[in-house]
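Visitor: Please take a close look at one part of this model and describe what surrounds it.

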Amino acid sequence: MDAFTRFTNQTQGRDRLFRATQYTCMLLRYLLEPKAGKEKVVMKLKKLESSVSTGRKSNLNRVIYFICDTILWVRSVGLTSGINKEKWRTRAAHHYYYSLLLSLVRDLYEISLQMKRVTCDRAKKEKSASQDPLWFSVAEEETEWLQSFLLLLFRSLKQHPPLLLDTVKNLCDILNPLDQLGIYKSNPGIIGLGGLVSSIAGMITVAYPQMKLKTR
């Protein structure tokens with residue numbers, strides 16, 4: 001209970017918790033909408049999702065996205081009516097999408113460094129080239145090459161949990177702007193599930209700071 005209290009006392013912790021609630025409502029709403037007799041529950045979930053979304057503070061540390069998000073918030077609470085909601089929503093989605101792409105590029109760069117490190121460490125342990133394992137050698141068959149690559153990727157991420165957590169979080173986050181911008185259409189169920197997974201990953205980094213990715 002003390003750990004939960006400390007977690008919710010942090011601004012980032014509360015934001016991650018509200019975000020998880022928002023996407024959980026989206027996922028549940030998607031699952032219940034096709035079922036008869038669930039109209040009232042779906043409506044309540046929709047209102048809760050909207051309320052949590054409106055009340056959230058943006059802690060994404062992405063200045064342009066924060067500005068667009070704030071403008072949308074001002075419009076949603078009725079402080080002004082002269083704002084083109086769809087226009088600013090699209091702008092926010094664009095900047096969020098670009099920031100996530102940059103984060104994923106950083107993750108890929110860190111993964112490549114980690115794979116190189118694992119490969120070098122393994123090579124040092126080998127006494128001769130003939131003793132090199134399959135995942136380290138260049139396989140002639142395409143399937144063997146793919147298996148070797150995936151095994152190397154698995155070993156690399158296994159040795160660096162913060163990198164795995166950050167990559168999963170960014171991949172889940174990018175589903176929303178991809179759908180909003182029409183780049184890859186999805187549905188509320190997938191977006192809700194992705195947002196929930198991302199929120200859980202974010203909560204882990206808040207509760208356990210050592211799981212937060214540290215880049216050079």
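Guide: Helices (H or I, at least four residues) and strands (E, at least two) are DSSP runs, numbered from the N terminus. The model is predicted, so local features need pLDDT of at least 70 and side-chain atom pairs pLDDT 80 or more, while totals for chains, interfaces and linings use all residues. Residues are numbered from 1 along each chain as its sequence is written, and side-chain values use heavy atoms, without hydrogens and water.

UniProt, in an unreviewed entry, gives residues 189-208 the feature "transmembrane region"; such an annotation may be inferred rather than shown by experiment.

The whole structure holds two cavities of 30 Å³ or more, a cavity being a set of 1 Å grid points where a 1.4 Å probe fits but cannot get out. The second largest cavity has about 30 Å³ of space. Its lining (residues with an atom within 4 Å of a point) consists of Arg19, Tyr23, Cys172, Asp173, Asn176, Ile191, Gly194 and Gly195. Helix 2 (11-32), helix 7 (161-173) and helix 9 (188-207) each give two or more residues to this lining, and helix 9 has the largest share, with three residues.

Thr24 belongs to helix 2. Thr24 has a relative accessible area of 25%, so this residue is partly exposed, the class between buried (under 20%) and exposed (over 50%).

Note on methods:
On a 1 Å grid over the protein atoms alone, a cavity is a set of points where a 1.4 Å probe fits but cannot get out, and a pocket is an open set with protein on both sides within 12 Å along at least five of seven lines; lining residues have an atom within 4 Å of a point. Grid points are joined across faces, edges and corners, and a volume is the space filled by probe spheres set on the points. Buried means under 20% relative accessible area, exposed over 50%, partly exposed in between (1.4 Å probe, protein chains only).
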